[in-house]
Amino acid sequence: MSETVTARAGQVLRQAMAFQPAKLVLAGTELGLFAALAAGPLPEERLREKLGLHPRGCDHFLAALAELGFLERTPQGAWANSAVSGRLLVPGDPASLSGFLHLADRVMYPAWERLAEGLRTGAPQAATYSGDDMFDQLYESEEKKDGLVRMAEDASRPLIPALTEVFDWASCESVLELGGCRGNVLAGVVAAHPHLRAEVFDLPQLEADFTAHVASLGMSGRLGFRGGDFFAGPLPEADVLMLGHALVDWNDDQRARLVANAFAGVRPGGAFLVWDPVIVPEDESYLRNLLRSLNLQLMTPHGKGYTLAQCTGWMLDAGFARVEHHALGHDVTLVVAHKPG
């Protein structure tokens, strides 16, 4: 075998077997490894006792996570979280991704095992619901609802600082977040721009969770909640309507309807804000967002990624006069549609 073929074979195998290092991190999260080390380093034997692990393979499991940069070995030979895992993988930390990874391990990972079947049939492969009423079914179960909420908040939390800065919030007085769930993003926007009157519009099943969460943030009385359905009847009016990580959940016809509904709800001179992992050809996020699109196909009854050109088209067709976009980081694009005054 030539040197070139050997190198390419190695590349193919590394890519095809990339599930192995991925599962190391997911298993560490599932086992509670990073949480166990949050209070400080522990020797391997104490970790095994604490987590209920068998001696066989544990040493190599920990060593492999260290090679990936998620653990460190102390001079005394104990194991400790790295700076990365200490912030991003410990539950309860404001920056933690543990909720997202928990649901990714339980729901996404099994669905991706059925990617070939999903490509043959076009049908979702998630085992957490059936039929077309995904959100109603997931919200009937406290466990599934909590998992979905944690995942959504973990995905949106890093975007809040940029979202508060790239749009001219001083020019508007009211904002309505469609699908705002517990109000985590909206609370961040209002904290940065306290003059705003703000409400979340989401399914009624989420109102109790919203009320409790907003109270825990010390924002009671500053954010309101309205229960309803995006597609049923007119939306409440506001200077700004916004929708994050949600337009991707629907098919193109539903997206066009939702954008049209939003146009009717935006007051003259106002704006509609959408942020998603938008597919932008030739951008460095292109491949990653193609993969996210396939993930949506596996996880939702209708969802699929969309391009910046498609989103701009839906907005202009709805009647918006001008559309611009901004990078929020983390492969997410904010699309802003301005309504004529």
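A residue is called buried here when its relative accessible area is under 20%, exposed when that value is over 50%, and partly exposed in between, with a 1.4 Å probe and protein chains only as cover. The structure is a predicted model, in which local features need pLDDT of at least 70 and side-chain atom pairs count only at pLDDT 80 or more, while totals for chains, interfaces and linings use all residues. Residues are numbered from 1 along each chain as its sequence is written, and side-chain values use heavy atoms, with hydrogens and water left out.

Helices (H or I, at least four residues) and strands (E, at least two) are DSSP runs, numbered from the N terminus. Asn289 belongs to helix 15, and because its relative accessibility is 1%, Asn289 counts as buried. Contact means heavy atoms within 4.5 Å; once neighbours within four places in sequence are left aside, Asn289 is in contact with Pro277, Val278, Ile279 and Asp331.

Leu290 also has its place in helix 15, which covers residues 286-299, but Leu290 is partly exposed, with a relative accessible area of 30%. Together with Tyr286, Leu287 and Leu291, Leu290 forms a nonpolar patch on the surface, with about 340 Å² of accessible area for the four together. Patches are made of residues with over 30% relative accessible area and no salt bridge, like charges being joined within 9 Å and nonpolar side chains (Val, Leu, Ile, Met, Phe, Trp, Tyr) within 5 Å. Accessible areas come from the Shrake-Rupley method with a 1.4 Å probe, and for residues only the protein chains shown count as cover.

## Helix packing

Axes are lines fitted to C-alpha atoms, for helices over the stretch in contact, and angles run from 0 to 180 degrees between N-to-C directions. Angles under 35 degrees count as roughly parallel, over 145 as roughly antiparallel, 65 to 115 as roughly perpendicular and the rest as oblique.

The axes of helix 7 (residues 98-112) and helix 15 cross at roughly 95° and come within 10 Å, so helix 7 and helix 15 are roughly perpendicular to each other. Val107, Met108, Ala111 and Trp112 on the helix 7 side meet Leu291, Leu294, Asn295, Leu298 and Met299 on the helix 15 side.

Helix 4 (residues 44-51) and helix 5 (residues 58-67) pack at an angle of about 105°, their axes being 11 Å apart, and are therefore also roughly perpendicular to each other. Glu44, Leu47 and Arg48 of helix 4 make this contact with Cys58, Asp59 and Leu62 of helix 5.

Helix 12 (residues 184-192) is largely enclosed by the rest of the structure, because 7 of its 9 residues are buried. The buried residues of helix 12 are Asn184, Val185, Leu186, Ala187, Gly188, Val189 and Val190.

## Salt bridges

Side chains of opposite charge can pair when their charged atoms come close. A salt bridge is a side-chain nitrogen of Lys or Arg within 4 Å of a carboxyl oxygen of Asp or Glu, and the structure holds 14 salt bridges, including those in the table.

| Arg87 | Asp93 | 3.0 Å |

Arg267 counts as partly exposed at 29% relative accessibility, whereas Asp239 counts as buried at 18%.

Arg255 and Asp252 are separated by about one helical turn, because they are 3 residues apart in helix 14 (residues 252-265). Arg255 counts as buried at 1% relative accessibility, while Asp252 counts as partly exposed at 35%. Elsewhere, salt bridges that share partners join Glu237, Asp239 and Arg267 into one network.

Arg87 is partly exposed, with a relative accessible area of 45%.

## Positive phi angles

Most residues other than glycine have a negative phi, and most peptide bonds are trans. Cys181, although not a glycine, has a positive phi of about 60°; Cys181 is placed in the loop between strand 3 (174-178) and helix 12, and counts as buried at 10% relative accessibility.

Asp331, also a residue other than glycine, has a positive phi near 65°. Asp331 lies in the loop between strand 8 (322-329) and strand 9 (332-338), counts as buried at 18% relative accessibility, and is one of the residues in contact with Asn289.
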